[in-house]
Amino acid sequence: RRLWRWVVAPASDTLVCNSRFTARALEAHGVPRRRIRLVENTLPPDRWTRLAAIEPRPVRGRVLFVGQT
């Protein structure tokens, strides 16, 4: 808990979770809700065609993955 609250969260602008469970766990560990974003593991099929039409844009910054692969 201390690691997430005092090390990972302060070093990150946003923490991205792939489940509501993980988002709630981070919040329980003291990470402010405003810094937590939820990205579901999948999209509805109708969204794929709309996403294909969007031009990707470069994003500056860093990405840190913490978890199991």
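How exposed is Trp-4, in terms of relative accessible area? Trp-4 is partly exposed, with a relative accessible area of 23%. The cut-off for buried is under 20%, so a value of 23% falls in the partly exposed class. The model discussed here is predicted.

## Overall layout

The protein chain holds three helices and two strands. Along the sequence they follow the pattern α-β-α-β-α. Of the 69 residues in the chain, 14% are buried.

The chain exposes about 6700 Å². Carbon and sulfur atoms supply 55% of that area. Contacts across the sequence can also be split by separation. Among those between residues at least 6 apart, 20% join residues at least 24 apart.

Helix α1 covers residues 2–8 and includes Arg-2. Trp-4 sits in helix α1 as well. Arg-2 counts as exposed, at 71% relative accessibility.

Arg-2 and His-29 are separated by 27 residues in sequence, yet their C-alpha atoms are 7.5 Å apart. Trp-4 and Leu-26 are 22 residues apart in sequence, with a C-alpha to C-alpha distance of 7.4 Å.

## The nonpolar core

The largest nonpolar core has eight residues. They are Val-8, Ala-9, Leu-15, Cys-17, Ala-23, Leu-26, Val-31 and Ile-36. Two elements, β1 (15–17) and α2 (20–28), each supply at least two residues of this core. In soluble globular proteins, nonpolar side chains tend to be buried together.

What does Ile-36 touch, leaving aside residues up to four places away in sequence? Its contacts are Leu-15, Cys-17, Ala-23, Leu-26, Glu-27 and Val-31. Leu-15, Cys-17, Ala-23, Leu-26 and Val-31 are also listed in the core, as is Ile-36 itself.

## Arg-35: buried, without a salt bridge

Arg-35 is found in the loop between α2 and β2 (36–38). Is Arg-35 buried or exposed? Arg-35 is buried, yet has no salt bridge. The nearest side chain of opposite charge belongs to Asp-13, 5.7 Å away.

Setting aside residues up to four places away in sequence, Arg-35 touches Ala-9, Pro-10, Ser-12, Asp-13, Thr-14 and Leu-15. Of these, Ala-9 and Leu-15 are core residues.

## Arg-33 and the salt bridge

Arg-33 is also placed in the loop between α2 and β2. How many salt bridges are there? The count comes to one. The side chains of Glu-27 and Arg-33 form it, with N to O at 3.0 Å.

Glu-27 is partly exposed, at a relative accessible area of 33%. Arg-33 is exposed, with a value of 60%. Glu-27 is also among the residues that Ile-36 touches. Arg-33 and Leu-15 lie 18 residues apart in sequence and 9.6 Å apart in space, C-alpha to C-alpha.

Technical notes: Residues numbered from 1 in each chain as written. Predicted model: local features only at pLDDT ≥ 70, side-chain atom pairs only at ≥ 80, totals over all residues. Heavy atoms only, no water. Core = buried A, V, L, I, M, F, W, Y, C linked by side-chain atoms within 4.5 Å. Buried < 20%, exposed > 50% of the residue type's maximum accessible area, 1.4 Å probe, protein only. Helix = DSSP H or I, 4+ residues; strand = E, 2+ residues; numbered from the N terminus. Contact = heavy atoms within 4.5 Å. Lys, Arg positive; Asp, Glu negative; His and termini not counted. Salt bridge = Lys/Arg side-chain N within 4 Å of Asp/Glu carboxyl O. Areas by Shrake-Rupley, 256 points an atom, 1.4 Å probe, with all protein chains shown as cover.
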